Amino acid sequence: MVLASQKLLDMLNRAIAGEMQAIIQYMWQHIQWKGVEHYAVSEGIKKVAIEEMEHAEIAERLWYLGSKPTTQPDPIHVGDTLEEMLRNDVKAEVDTIAMYKEIMQIAEKEGDVATKEIFEEIEADEEEHHDFFTSLLEK
Ligand SMILES: [Fe+2]
Ligand SMILES: [Fe+2]
């Protein structure tokens, strides 16, 4: 049984693809550390990667609503230097926040309160990630 519009189902799948991108991108950045500065933040980046994995449980909601979650992540941009990595991460978070606000609006319009609430919580985490990455870029 399908319990949501095709538009909302597609958006949830886009969200899952983005979460998978973030998991891999941040884990590889955690691993590919070089130098004291990167070492100092590498555990923090891993912590964010693990939170993204929890977010990927959006798939559970999508499955309940009647659609199959994608296994294809969005393009992964690890980066070479720490600064490049953090810039890639800020961009990922900015794009995600914008998408999740759109999902909340669509869910609300469709009267899907549970999906909206799930994304409210996750979006707040993404704002924390955005704050973390932007703060690391400050000199
Ligand atoms: Fe996330
Ligand atoms: Fe995030």
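A salt bridge is a side-chain nitrogen of Lys or Arg within 4 Å of a carboxyl oxygen of Asp or Glu. The tour below visits several such pairs in a predicted model.

**The whole chain**

Along its principal axes, the C-alpha trace spans about 50 × 25 × 20 Å. Of the 139 residues, 44% are buried.

**Asp112 and Arg61**

Next, select Asp112 and Arg61. These residues form a salt bridge in which the closest N and O atoms are 3.0 Å apart. Asp112 lies in the loop between helix 4 (82–109) and helix 5, whereas Arg61 belongs to helix 3 (residues 58–65), so the pair ties together parts that are 51 residues apart in sequence. Are the two partners buried or exposed? Buried means under 20% relative accessible area. Asp112 has a relative accessibility of 10% and therefore counts as buried; Arg61, at 15%, counts as buried too. The whole structure holds 6 salt bridges.

**Asp95 and Lys91**

Move to helix 4 and select Asp95 with Lys91. Both residues lie in this helix, 4 residues apart, which is about one turn of the helix. Their salt bridge brings the closest N and O atoms to 2.6 Å. Asp95 is partly exposed at 39% relative accessibility, while Lys91 is exposed at 52%.

**The network around Lys116**

Now select Glu108, Lys116 and Glu120, which are linked in a network of salt bridges. Within this group, the side chains of Lys116 and Glu108 meet at 3.9 Å, N to O. Lys116 is partly exposed, with a relative accessible area of 21%; Glu108 is exposed, with 52%. As a general principle, side chains of opposite charge can pair when their charged atoms come close.

**A negative surface patch**

Finally, select Glu127, Glu128, Asp131 and Glu138, and display the surface. Which kind of surface patch do these residues form? The patch formed by Glu127, Glu128, Asp131 and Glu138 is negative.

Note on methods: Residues are numbered from 1 along each chain as its sequence is written. Chains are lettered from A and ligands numbered from 1 in the order in which they are written. This is a predicted model: local features need pLDDT of at least 70, side-chain atom pairs count only at pLDDT 80 or more; totals for chains, interfaces and linings use all residues. Side-chain values use heavy atoms; hydrogens and water are left out. Patches are made of residues with over 30% relative accessible area and no salt bridge: like charges are joined within 9 Å, nonpolar side chains (Val, Leu, Ile, Met, Phe, Trp, Tyr) within 5 Å. Accessible areas come from the Shrake-Rupley method with a 1.4 Å probe; for residues, only the protein chains shown count as cover. Lys and Arg count as positive and Asp and Glu as negative; His and the chain ends are not counted. The place of a charge is taken as NZ of Lys, CZ of Arg, CG of Asp or CD of Glu. Buried means under 20% relative accessible area, exposed over 50%, partly exposed in between (1.4 Å probe, protein chains only). Helices (H or I, at least four residues) and strands (E, at least two) are DSSP runs, numbered from the N terminus.
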